[in-house]
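Please have a look at the sequence and the 3D view before reading on.

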Amino acid sequence: MKLFTIFGDPVKHSRSPLMHNFVFKTLHIDACYTRTHLIDGSTLRDVFFEKGLSGANVTVPHKEAAYAACDEVRGIARAIGAVNTLVLEEGKLIGYNTDADGFYAAIQSFGQLSTALILGAGGTARALSIVLRHHEITPMILNRSSSRLHYFEENGFATATWDTFVPMDYDIIINTTSAGLSDDAFPLPLPLLSSVLSKAKGAVDVIYGKKTPFLEEVSRHVLPYKDGSDMLLEQGVLANHLFLHQSIPLTLIHPLMQQSFSF
Ligand code: NDP
């Protein structure tokens with residue numbers, strides 16, 4: 001039996017085991033996907049091999065550690081510097097980032113977009129900014145504090161903190177902060193948030209499973225929006241495809257994983 005897991009801290013809330021196990025079970029694939037609570041990211045590689053894993057997903061806060069643990073990093077993960085999917089290939093640990101392409105797939109329903117405002121400057125904001133630029137959507141990165149903005153400045157993105165931000169028009173507003181995850185905070189002071197939402201075409205919160213204060217405010221502006229469920233689904237579909245060495249078509253994995261969301 002092939003073994004897969006998700007590494008994270010915390011990890012008990014993760015829906016990934018349900019999503020992947022449903023695909024394995026339905027397609028009669030001899031595989032099992034578990035959760036691994038990992039506190040020290042520097043041990044990730046050793047734990048991966050000790051458990052005899054064939055692949056893994058990685059969530060907060062270990063995506064940069066996972067990048068460092070790889071023998072080879074492929075695709076957009078190289079530019080992002082963070083890995084959320086690990087696959088064992090001929091004894092080597094290969095790293096990918098399916099968050100980026102998963103997010104891009106999830107925003108297709110908004111139609112043509114040219115500009116985006118990304119709230120937050122953590123690992124998710126990095127993945128999103130790189131994939132948006134790759135698809136010719138220009139992102140601006142807005143964060144509460146300045147220290148995490150250096151990566152974006154070094155990579156040629158426009159950035160601002162709450163203090164230096166001058167609101168302009170953006171097609172889509174994306175919350176990648178953890179504001180609203182376990183509190184009632186807005187990701188941006190309300191007057192600034194209201195100002196950018198009043199000119200936007202839509203909004204996305206990468207947090208899933210709840211309507212955050214950000215999305216409540218988006219609703220008040222009567223804008224189309226999504227929470228992070230579609231991104232979660234799309235990144236999972238891409239990861240499953242990689243776990244199975246691309247032997248099962250994405251068009252088969254997608255509806256199965258989507259079905260698992262109704263459980
Ligand atoms: P990080 O810890 O790397 O970054 C968090 C960011 O949030 C920082 O920029 C931080 O700002 C900002 N922040 C935190 N609290 C507040 C607040 N109260 N007000 C304003 N800004 C705040 O996190 P990640 O980028 O890894 O993850 C962010 C979120 O994305 C998580 O909720 C995670 O669950 C979700 N996610 C969802 C996915 C999906 O599939 N739907 C996939 C990946 C992530 P500062 O620098 O000032 O501290």
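## A strand residue to start with

Strand S8, which covers residues 138-143, contains Met140. Helices (H or I, at least four residues) and strands (E, at least two) are DSSP runs, numbered from the N terminus. This is a predicted model, in which local features need pLDDT of at least 70 and side-chain atom pairs count only at pLDDT 80 or more, while totals for chains, interfaces and linings use all residues. Residues are numbered from 1 along each chain as its sequence is written, and side-chain values use heavy atoms, with hydrogens and water left out.

Is Met140 buried or exposed? Met140 counts as buried because its relative accessibility is 15%; buried means under 20% relative accessible area, exposed over 50%, and partly exposed in between (1.4 Å probe, protein chains only). Not counting residues up to four places away in sequence, Met140 touches several residues, including Ala116, Leu117, Ile118 and Tyr170; contact here means heavy atoms within 4.5 Å. Met140 and Tyr170 are 30 residues apart in sequence, and their C-alpha atoms are 8.7 Å apart in space.

## Around the ligand

The shell around the ligand has 25 residues, and those that come nearest are Ala121, Thr124, Asn143, Ser145 and Arg148. A residue is near a molecule if one of its heavy atoms lies within 4 Å of it. Helix H6 (123-134) and H10 each supply at least two residues of this shell.

The table lists polar contacts, meaning pairs of N or O atoms within 3.5 Å.

| Residue | Atom in the residue | Distance to an oxygen atom of the ligand |
|---|---|---|
| Gly123 | backbone N or O atom | 3.2 Å |
| Arg148 | polar side-chain atom | 2.8 Å |
| Leu232 | polar backbone atom | 3.4 Å |

Taken alone, the ligand exposes 950 Å², of which the protein buries 83%. These areas come from the Shrake-Rupley method with a 1.4 Å probe.

Helix H10 spans residues 229-243 and includes Asn240. With 0% relative accessibility, Asn240 counts as buried. Beyond its neighbours within four places in sequence, Asn240 is in contact with His20, Val23, Phe24, Ile253 and Met257.

Which residues of helix H9 (residues 213-220) are buried? They are Pro213, Phe214, Leu215, Glu217 and Val218. These buried residues pack against strand S7 (115-119), strand S10 (172-175), helix H8 (190-197), strand S11 (202-205) and strand S12 (225-226). After H9 comes Val222, with a positive phi near 50 degrees.

Conventions: A polar contact is a pair of N or O atoms within 3.5 Å; within protein, one must be able to donate a hydrogen and the other to accept it, and residues adjacent in sequence count only if both atoms are side-chain atoms.
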